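The entries follow the order in which I looked things up.

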Amino acid sequence: MRQPEEILEQYWGFRSFRPLQKDIVLSVVSGKDTLALLPTGGGKSICFQVPALMLDGICLVISPLIALMNDQVSNLNKRGIKAIAITSGMDRKEIDIALDNCIYGDIRFLYVSPERLSGELFLTRLERMKVGLLAIDEAHCISQWGYDFRPSYLKISDLREHLPGVPVLALTATATPDVVNDIQDKLLFKERNVFRKSFARHNLAYLCFHEENKYGRMLKICARIKGSGIVYVRNRRRTQEIAGFLEQNGIKTSFYHAGLSFEQRSERQQAWLDNKTRVMVCTNAFGMGIDKPDVSFVIHIDLPDSPEAYFQEAGRAGRNEEKAYATILWDETDLEDLRSNVERSFPTIDTIKNIYQALGNYLRLAIGSGEGQSFKVDLNDLAKNFNLDAADVYASLKFIEREGLIALSENAAESSKILFTISYEDLYNFQVFNNELDSIIKAILRTYPGAFSVPVKIREAELARQLNMSKEKVIQKLDALVKKNVLSYFPKTDLPVVTYLTGRLDKSRVKISPEHYQERKEIAEKRARAMYEYVTNKSECRSRMLLHYFGENTDERCGVCDTCIEANKSASGETVSLRKKIMTLLQVQPYSYIALTDLFPDDQKQLVISVIRLMLDDGTIRLGDDQKIYLK
C-alpha cells in the first residue's frame with residue numbers, strides 16, 4: 001500500500017497534511033468507521049480522497065450539495081483522477097451510463113446525492129461494483145437534531161448491508177454533542193471513533209453591532225479592511241440593491257442568487273475568485289464548496305437562522321490563517337424577523353398537504369406514479385396556477401422533503417453534457433457519410449476530449465463561436481446526433497428540480513405526524529433563540545459562545561471580538577494597577593479566592609473581584625482543581 005504523503009504530493013502537490021488529516025486517513029485505511037469534525041475550510045475532502053486512492057476499488061461519496069459534487073468531480077478529473085457524479089437532476093439514461101462506467105471503467109470516485117440511494121437501478125449496479133470506501137459528507141444531515149436534517153440520509157445505513165466490511169468515513173463542519181452521537185448511531189459505527197479539530201478560529205474576529213445605518217457601517221468596513229469579502233442577505237432583491245450601492249461608492253461588486261442563470265452564476269463566481277470583483281453580495285446560495293483562502297471579511301446584513309448556518313458562512317473568511325473579520329449588523333427589525341421566519345418556515349399541516357397535491361397536479365402525475373423521476377419546476381408558476389402563496393410553496397416543499405417524500409434541488413443547474421455512444425472508429429465512418437454534421441463533431445473532439453468514456457461538460461455558446469453559427473443551430477445539430485444514436489446530450493436546466501422519492505400519494509395518504517411537526521418547529525425555535533442570544537450579548541466572548549454551542553468548553557476569551565475589545569478597554573487606570581499586583585502575588589504562590597481578596601483594602605475589594613473575574617475570562621489566571629487561583 002502506498003504511503004499517504006506520497007499520494008498527497010503526487011496529486012495535490014503538498015508534502016505534509018494539515019493537523020488531524022493524517023490521523024483520519026490512517027484510521028480509515030485501517031478499516032475503522034470514522035467521524036471527522038473539521039471546521040469550514042479544514043480540508044475535509046483530502047480526508048477521504050487520499051485514503052480512497054490507497055484502498056482498492058471505488059470510493060462512494062454521498063453529498064446533498066450538487067454544486068460541491070460537481071466542483072470536486074471537476075477538480076479530481078483535472079488531477080488525472082477519474083470521478084463522476086449522479087445527482088437528482090439527471091434522467092435515467094444519464095444515470096445508466098454513469099453506473100456502467102463505474103462497473104466497467106476505471107472510475108475511482110462516484111458522487112451520489114442521498115435521494116438516489118434507494119433506487120432499484122442504483123442498488124442493482126452497486127452490488128456489481130468494487131467499493132473500497134463509503135464517505136458521507138455533511139453527515140449532520142442524518143441526525144434529527146442536525147440543522148439540515150434529511151430523511152434520505154437515513155437510507156445510508158441500509159447500504160452497509162450491500163457493502164460488508166467497507167469502512168465508513170463521515171465528515172461534517174458543524175455538529176453539537178447530540179448530533180455527534182446521533183451520526184455514529186445512525187451509521188451503525190462498530191465503535192465510537194471521533195476525530196475533532198477545535199472549532200476555534202484564532203485569526204477570525206467575530207463582531208456584532210447594533211446599527212441603524214447598516215449601509216454606512218458596511219461601507220466603512222469595506223473601506224477599512226483590504227482584500228475580498230462577502231456580504232450575506234436573505235433575499236434576492238437585496239443582493240442587487242446592495243451591490244448597486246457599493247458600486248456607486250467605488251467598490252467593485254457583484255451579486256449572486258439562485259435565480260440567476262447558470263452562466264451568470266458561473267461568470268460572477270469566477271470573477272470573484274480571480275479578484276476581478278472584490279465583494280460578492282449574495283444569499284446563502286453562494287459559498288458552498290468554494291475554496292477561496294484570502295477572504296478578508298464576511299458581513300451579515302440580515303441574521304442567519306441558526307448558529308450552525310452562521311458558523312459556516314462566517315468561516316469562509318480567513319482560511320489562509322491571516323487576520324479576518326466576521327461582522328453581523330443588526331437592528332430591532334432583524335430580531336422580529338428572526339422570530340417570524342420560524343413561523344413562516346412551518347405552514348399548517350393542511351397547507352403542506354394541499355401544496356403536495358398541487359405539485360402532483362401541476363406535473364400531471366397520476367397517483368402512484370413518479371417514483372425516482374425528476375421534474376423541473378417553476379415554483380412561482382406553480383404558486384400562480386393554484387393561487388398559492390409563493391413563500392408557503394417553498395416552505396411546504398422543504399417540509400415535504402424533510403418527510404422523505406421528495407428531494408428539492410434548488411441549484412440543480414449544471415453545464416450541458418455529452419457522451420459519445422459509439423466507438424471512435426464508428427464515429428469516423430459516420431463523419432465520412434454525414435458531411436453536414438462533420439464540423440460540429442470535429443469541434444467537440446477538439447474542444448472536449450474524453451467524451452467517449454464519461455459525460456463531459458460543454459458550452460453550446462463556445463461551440464457556436466468556433467463554428468460561426470447561432471447557439472440554436474448548434475443545439476439543432478446536437479439533437480440530430482442524438483437521433484442518429486451518435487451521442488447522448490443532456491441540456492442544462494436553471495429551474496429547481498423535484499425528485500419523487502416515492503410514488504405520488506393521494507392527499508389523504510400523506511401522513512405528517514403532528515408530534516414530528518411540533519418537534520421540528522421546537523428545534524428551529526431553539527436555534528433562533530441561540531442566534532438571538534448571540535447577537536444581543538454584550539459581555540460574553542463571541543468565540544467562546546460559538547465554541548460552547550458546539551460542545552467545546554473553554555474558559556479563554558479570544559481577545560479580538562467586540563465584547564472582548566470592550567472588556568479590554570475597561571482595563572485601565574486603577575484596574576491595570578490591580579492586575580499587576582495580582583499577577584505579582586500569584587507569581588509567589590497560588591491563593592484561594594477569599595485569601596487573595598483579603599490581601600487588599602476593603603474599599604478596593606469589589607473592584608478586585610471584578611478584575612479577578614476579568615483575568616479568569618481572558619485566561620491570564622486559572623482556577624485549579626484545588627479551588628486556588630494560579631497564574632496561567
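Entry 1: I found an open sheet of six strands with parallel pairing, in the order 8-13-12-9-11-10. I count strands as DSSP runs of E with at least two residues and helices as runs of H or I with at least four residues, both numbered from the N terminus; two strands pair if DSSP finds at least two bridges between them. Strand 8 (204-210) and strand 10 (253-256) stand at the edges with a single partner strand each, so one side of each has no neighbour in the sheet. From one strand to the next, the twist averages 15 degrees.

I note here that the model is predicted: local features need pLDDT of at least 70, side-chain atom pairs count only at pLDDT 80 or more, and totals for chains, interfaces and linings use all residues. Residues are numbered from 1 along each chain as its sequence is written, and side-chain values use heavy atoms, with hydrogens and water left out.

Entry 2: I looked up the pairing of strand 8 with strand 13 (residues 324-330), which is parallel over seven bridges. There, Ala-205 stands opposite Tyr-325 of strand 13. Helix 10 (residues 236-248) packs on the sheet and touches strand 10 and strand 11 (279-282), contact being heavy atoms within 4.5 Å. The direction of helix 10 makes about 175 degrees with that of strand 10; axes are lines fitted to C-alpha atoms, for helices over the stretch in contact, and angles run from 0 to 180 degrees between N-to-C directions.

**Entry 3: strand 2.** Is strand 2 buried or exposed? I found five of its five residues (58-62) buried, so strand 2 is largely enclosed by the rest of the structure; buried means under 20% relative accessible area, with a 1.4 Å probe and protein chains only. Ile-58, Leu-60 and Ile-62 cover one face, Cys-59 and Val-61 the other. Strand 2 pairs in parallel with strand 5 (residues 131-136) over five bridges, and Ile-62 stands opposite Ile-136. Strand 2 also pairs in parallel with strand 4 (residues 109-112), over four bridges, where Val-61 stands opposite Tyr-111.

Entry 4: I found an open antiparallel sheet of three strands in the order 20-22-21. Strand 20 (591-592) and strand 21 (621-623) are its edge strands, each pairing on one side only. Strand 20 and strand 22 (residues 628-631) share two antiparallel bridges, and Lys-628 is the bridge partner of Ser-592. Helix 24 (residues 574-588) lies across strand 20, strand 21 and strand 22, at about 100 degrees to strand 22.

Key
Buried < 20%, exposed > 50% of the residue type's maximum accessible area, 1.4 Å probe, protein only.
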